[in-house]
Amino acid sequence: MCTYTYVNVQKMTDKMAEEIVSGDEPFLGTLDIALLLVLIAGATWYFMRNRKKEEAPIRSYSIQPTTVSTISTAENSFIKKLKASGRSLVVFYGSQTGTAEEFAGRLAKEGLRYRMKGMVADPEECDMEELLQMKDINNSLAVFCLATYGEGDPTDNAMEFYEWITNGDVDLSGLNYAVFGLGNKTYEHYNKVAIYVDKRLEELGAARVFELGLGDDDANIEDDFITWKDRFWPSVCDFFGIEGGGEEVLMRQFRLLEQPDVQPDRIYTGEIARLHSMQNQRPPFDAKNPFLAPILVNRELHKGGGRSCMHIELNIEGSKMRYDAGDHVAMYPINDKELVEKLGALCNADLETVFSLINTDTDSSKKHPFPCPTTYRTALTHYLEITAIPRTHILKELAEYCTDEKEKEFLRSMASITPEGKEKYQNWIQNSSRNIVHILEDIKSCKPPIDHICELLPRLQPRYYSISSSSKLYPTNVHITAVLVQYETPTGRINNGVATTYMKEKDPSSGEVKVPVFIRKSQFRLPTKAETPIIMVGPGTGLAPFRGFIQERQYLREEGKSVGDTILYFGCRKKSEDFIYREELEKYAENGTLTLKTAFSRDQKEKIYVTHLIENDSDLVWKVIGEQKGHFYICGDAKNMAVDVRNILVKILSTKGNMSEADAVQYIKKMEAQKRYSADVWS
């Protein structure tokens with residue numbers, strides 16, 4: 001492009017000079033012509049220099065628009081965008097943590113190999129009724145990458161679409177589709193959303209192009225996704241009669257534009273969406289506009305044992321945010337400064353450089369991967385997950401920057417789908433907990449440009465905590481109970497949790513400190529009738545939401561209300577070390593608000609857990625949930641504790657309620673439907 005411009009400018013100047021000197025009485029003198037040529041040459045040089053700066057070609061990567069049209073449609077019509085840009089593939093994502101969005105982007109990008117130009121779309125920003133018009137586009141395909149969240153719920157951005165296909169009775173004949181689900185097998189409703197959408201689209205007349213894919217985040221969801229998509233594409237080719245894909249071409253989705261002349265007040269410094277939103281706070285506060293909450297209290301709850309558990313109190317006065325016991329508070333953390341410096345040094349980057357990454361897809365609603373313009377330091381500190389375990393597609397792209405052939409082949413091998421490659425990835429990346437910094441430290445010849453690292457890494461996500469207070473007692477305060485995450489890896493490195501390390505350093509005794517937060521509503525709720533009895537199972541920090549429940553029941557008692565039995569099963573390692581909120585709980589037990597059942601696993605020779613206590617209390621459990629129709633709550637570890645508790649409940653219902661095992665399972669399902677059985681668990 002630059003060469004073409006320069007040649008034409010040169011021809012123009014030669015012709016101009018010819019015409020000027022051909023007359024008897026020249027319009028311009030020789031000196032004028034010379035000056036004019038110097039000016040044109042200078043302008044051409046300046047134009048070429050800036051073009052080179054903007055395009056910043058990267059070794060072996062293609063940076064080019066992925067559209068055939070630059071028509072921009074501001075409205076939410078994905079059909080118009082598909083038609084305007086000559087595309088036939090749209091990949092929708094339902095994402096809470098960014099993984100489904102990442103998978104959607106990779107599918108859309110790979111479509112080019114199969115002559116299917118693709119685009120990524122957020123269903124929340126689209127008119128999903130336009131799926132009816134997909135049949136008007138030749139060889140069109142809609143793919144849905146959908147995560148299941150909470151207790152079998154769709155993600156926030158997929159909620160409206162989910163309700164539309166659930167409640168509507170539209171005719172989707174002519175729509176070709178495929179679904180990949182993201183879930184976790186430790187949860188009761190594994191991939192419920194994807195399973196339902198896949199079945200429902202078929203019921204509405206759409207044609208399934210390839211079988212439903214199910215990713216398990218408890219195992220290796222990256223492996224699940226790769227295995228699925230590598231069978232998905234051949235099926236797509238067969239379905240549409242397309243020839244198989246050509247050789248894979250690595251393409252950058254964003255181009256770099258360094259912007260040294262941007263005014264300081266136009267540079268993002270960590271805001272989530274609106275520029276200066278941290279300085280000029282205004283409600284409503286939500287995920288895109290968090291509230292800067294002052295930390296009032298940050299104290300240690302453990303009394304020994306070498307681990308740390310924090311009790312943190314946030315002031316939300318003036319924010320107009322409201323919460324109920326059982327809701328979550330989300331906090332945006334920042335990455336460790338030392339890790340940021342290390343990553344900058346490994347990429348030979350000046351972290352103060354101001355830049356933007358601009359989407360080469362001119363029709364995409366996502367113009368930048370994070371708020372731009374900003375500095376590399378801000379991007380690595382506020383916007384990117386630099387401590388996450390990198391997925392295989394990142395390794396594949398990093399391999400291109402290795403100067404050592406053995407190291408290049410090693411990274412490529414781990415990014416492959418061969419059994420050997422998968423085993424290497426499992427051992428060297430996952431089992432060793434290597435993040436991007438560790439990889440670049442250990443693969444010495446890999447020197448990627450910092451802007452490509454910024455493109456490859458996923459967005460830094462907010463961290464969610466069960467609120468451990470009741471708004472009845474603390475309407476302007478939110479309490480958090482969090483264990484400091486810190487562990488040594490097999491390589492001898494110390495890995496620190498992003499959010500808990502960030503919070504640990506926030507000490508209000510040395511001056512005002514604030515953290516960006518917002519409230520997320522939950523279905524984890526106390527019964528509407530205070531006299532309904534409840535059983536709560538919350539070992540360790542699983543106690544958090546129940547502390548709010550107990551505070552609320554105490555408050556109602558003080559108001560003279562009739563309050564049902566409030567029974568808590570709490571467990572920890574040692575009574576003298578990690579019995580959090582011990583004094584509070586014992587006081588509630590003394591005054592009759594709480595029936596406290598405790599298990600201290602390491603205070604005796606044989607370990608005792610909350611599951612043992614529940615099993616021994618089968619008569620009490622049956623009385624509450626079988627006879628009195630009380631509520632049962634679990635909070636904590638999803639993988640072992642929650643599963644064990646559920647199995648014990650089935651056994652209690654079978655023996656005490658004279659039910660078959662199948663009937664007992666159905667009884668719990670009915671309790672769930674009635675919101676009498678609730679779980680707030682994590683793996």
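Predicted model: local features only at pLDDT ≥ 70, side-chain atom pairs only at ≥ 80, totals over all residues.
**Exercise 1. Work out whether Tyr581 is buried or exposed, and what surrounds it.**

Start with the position: Tyr581 sits in the loop that runs between β20 and α17 (582–590).

Next, check the accessible area. Tyr581 has a relative accessible area of 5%. The cut-off for buried is under 20%, so Tyr581 counts as buried.

Now look for partners, skipping anything up to four places away in sequence. Tyr581 touches Arg299, Leu301, His311, Ser468, Ile480, Thr481, Leu543 and Arg547. One of these, Thr481, also makes a polar contact with Tyr581, side chain to side chain, at 2.6 Å.

His302 is 279 residues from Tyr581 along the chain, yet their C-alpha atoms are separated by 9.3 Å.

**Exercise 2. Find which residues of helix α19 are buried and what covers them.**

Take residues 618–627, which make up α19. The buried ones are Ser618, Val621, Trp622, Val624, Ile625 and Gly626.

An α-helix has 3.6 residues a turn, so residues three or four places apart point the same way. With that in mind, go back to the buried set, which includes Ser618, Val621, Trp622 and Ile625.

Then list the cover. Among the strands there are β19 (534–537), β20 (566–572) and β22 (631–637). The helices include α18 (610–616), α20 (641–656) and α21 (661–673).

Last, step past the end of the helix: Lys629 follows α19 and has a positive phi, near 55°.

**Exercise 3. Trace the pairing of β22 on both β19 and β23.**

Begin with burial: six of the seven residues in β22 are buried, leaving the strand mostly covered.

Then take the partners one at a time. β19 pairs with β22 in the parallel sense, over four bridges. Strand β23 (residues 677–682) is also parallel to β22, with six bridges between them.

Now pick out a residue. Phe632 of β22 is the bridge partner of Ile535, and Phe632 also stands opposite Tyr677 in β23.

**Exercise 4. Give the strand order of the six-stranded open sheet and identify its edge strands.**

Read the order across the sheet: β14-β11-β18-β9-β10-β15, with antiparallel pairing. The edges are β14 (463–466) and β15 (477–483), each of which pairs on one side only. Ignoring direction, neighbouring strands here are turned by 40° against each other on average.

Zoom in on one pair. Strand β11 (residues 328–331) runs antiparallel to strand β18 (residues 514–520), and four bridges join them. Val329 stands opposite Ile519 in β18.

**Exercise 5. Say how the N-terminal end of helix α11 is capped and what its buried residues pack against.**

First, the cap: Asp404 places a side-chain oxygen 2.8 Å from the backbone nitrogen of Lys406.

Second, the burial. Within α11 (residues 405–414), Glu407, Lys408, Leu411, Ser413 and Met414 are buried.

Third, the packing: these buried residues lie against α10 (392–398), α12 (419–430) and α13 (436–442).

Key:
Residues numbered from 1 in each chain as written. Heavy atoms only, no water. Buried < 20%, exposed > 50% of the residue type's maximum accessible area, 1.4 Å probe, protein only. Helix = DSSP H or I, 4+ residues; strand = E, 2+ residues; numbered from the N terminus. Contact = heavy atoms within 4.5 Å. Polar contact = N/O pair within 3.5 Å; in protein donor to acceptor, adjacent residues only side chain to side chain. Pairing = 2+ DSSP bridges. Axes fitted to C-alpha atoms, helices over the stretch in contact; angles between N-to-C directions.
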